[in-house]
Amino acid sequence: GPAEGPLWWAEGRYLLFNDIHTARRLKYTPGQSATVAMEKTNEANGITRDLQGRLVSAEHLTRRVTRYEPDGSVTVIANSFQGKRLLRPNDVIVKSDGAIYFTDPGGNAAPEEWDVTLSGVYRVSADLGSMSLIIDDMVRPNGLAFSPDESILYVADSRRRHVRAYDMQPNGTIGKETSRVFVDLNGAEPGVPDGIKVDTAGNLYSGGSGGLFIMDPKGKKLGRIVHGQPATTNVAFGGDDWKTLYFTTRSTLFSVAVKVAGIPVPAKKRTT
């Protein structure tokens with residue numbers, strides 16, 4: 001099934017990634033074969049870690065975002081908005097202040113009357129006490145990532161085949177009037193922006209037509225990794241120096257050495 005949600009677990013020196021359709025989480029230690037780390041992931045897609053290192057997961061089947069506590073119990077971060085049920089959370093990131101951001105693009109099914117009616121990007125406060133819809137102008141919001149200084153939020157719109165950029169506000173929302181196309185990754189070959197990541201120099205990595213693209217902080221295409229698979233589903237940095245780029249396609253996990261380190265996960269808490 002589709003491989004998704006790669007996440008490097010630094011303490012264990014392994015990569016986790018999800019097989020959505022079999023609802024399994026796999027564990028890959030470099031140089032070894034992948035093993036099953038978890039069964040019944042609720043068809044989890046994107047995963048990340050919060051400031052305390054707990055796994056945070058966007059689940060398709062249960063239509064929620066969850067957090068796994070050290071004792072194995074599950075905390076629901078979000079499953080509804082203003083009394084209406086979420087559609088199909090896809091990817092999730094955590095800011096250095098602990099706030100959680102996720103995309104909810106919906107699926108193929110028409111929403112029921114008790115479902116939210118739009119594809120959105122949401123912010124949940126670090127204490128889980130408040131939730132806000134911060135972006136509502138995307139057709140199919142997918143992967144999301146912050147610039148290294150967290151002044152910009154990037155979100156892939158896989159239906160429009162581009163990545164948008166938004167300036168962050170001090171309160172953790174975005175300036176809607178700052179919405180702009182960061183890069184257009186449309187083309188004749190298969191592949192759309194899906195999961196995205198940013199390195200410590202501010203370069204952005206995203207799937208697109210014909211492979212995996214690397215853009216500089218201005219959105220200029222620096223290069224493309226051609227892997228021959230129809231889609232690049234997600235990307236993650238790993239390795240002891242965060243200089244191994246892992247990326248998943250619908251069926252395969254690849255890795256490539258890069259010169260610039262990725263932004264480590266979990267996010268480092270900022271001192272104000």
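1. The model under review is predicted. The pairing of strand 15 with strand 16 (residues 152-157) is antiparallel and rests on 4 bridges. Within this pairing, Pro141 is placed opposite Asp157 of strand 16.

2. These two strands belong to an open sheet of 4 strands, ordered 15-16-17-18, with antiparallel pairing. Strand 15 (141-146) and strand 18 (180-184) form the edges, and each of them pairs on one side only. On average, and with direction ignored, neighbouring strands of this sheet are turned by 25° against each other.

3. His162 lies in strand 17 (residues 162-167). Is His162 buried or exposed? Its relative accessible area is 8%, and buried means under 20%, so His162 is buried. Apart from residues up to four places away in sequence, His162 touches Val155, Ala156, Asp157, Val181, Val183, Asp184, Leu185 and Pro193. The side chain of His162 also makes a polar contact with the side chain of Arg164, at 3.2 Å.

4. How many bridges join strand 5 and strand 6 (residues 55-59)? The two strands pair over 4 bridges, in the antiparallel sense. Thr48 has Val56, in strand 6, as its bridge partner.

5. Ile77 belongs to strand 8. Ile77 counts as buried because its relative accessibility is 7%, where buried means under 20%. With neighbours within four places in sequence left aside, the contacts of Ile77 are Val56, Val65, Thr66, Arg67, Ile100, Val124 and Leu128. A further distance concerns Ala126: its C-alpha atom is separated by 9.7 Å from that of Ile77, and the two residues are 49 residues apart along the chain.

6. The structure contains 8 aromatic pairs. One of them is formed by Tyr101 and Phe146 in an edge-to-face arrangement, with 5.1 Å centre to centre and 90° between the planes. This pair links distant parts of the chain, since Tyr101 is in strand 12 (residues 100-104) and Phe146 is in strand 15, 45 residues apart. Tyr101 and Phe146 are both buried.

7. The charged end of Arg49 sits over the ring of Trp9, at 3.5 Å from the ring centre. The charged end of Lys27 is placed over the ring of Tyr14, at 4.4 Å from the centre of that ring.

Terms used: Residues are numbered from 1 along each chain as its sequence is written. This is a predicted model: local features need pLDDT of at least 70, side-chain atom pairs count only at pLDDT 80 or more; totals for chains, interfaces and linings use all residues. Side-chain values use heavy atoms; hydrogens and water are left out. Two strands pair if DSSP finds at least two bridges between them. Axes are lines fitted to C-alpha atoms, for helices over the stretch in contact, and angles run from 0 to 180 degrees between N-to-C directions. Rings of Phe, Tyr and Trp (its six-membered ring) pair if their centres lie within 6.5 Å; planes under 30 degrees apart count as stacked, over 60 as edge-to-face and the rest as tilted. Buried means under 20% relative accessible area, exposed over 50%, partly exposed in between (1.4 Å probe, protein chains only). A charge sits over a ring if NZ of Lys or CZ of Arg is within 6 Å of the ring centre and within 35 degrees of the ring normal. Contact means heavy atoms within 4.5 Å. A polar contact is a pair of N or O atoms within 3.5 Å; within protein, one must be able to donate a hydrogen and the other to accept it, and residues adjacent in sequence count only if both atoms are side-chain atoms.
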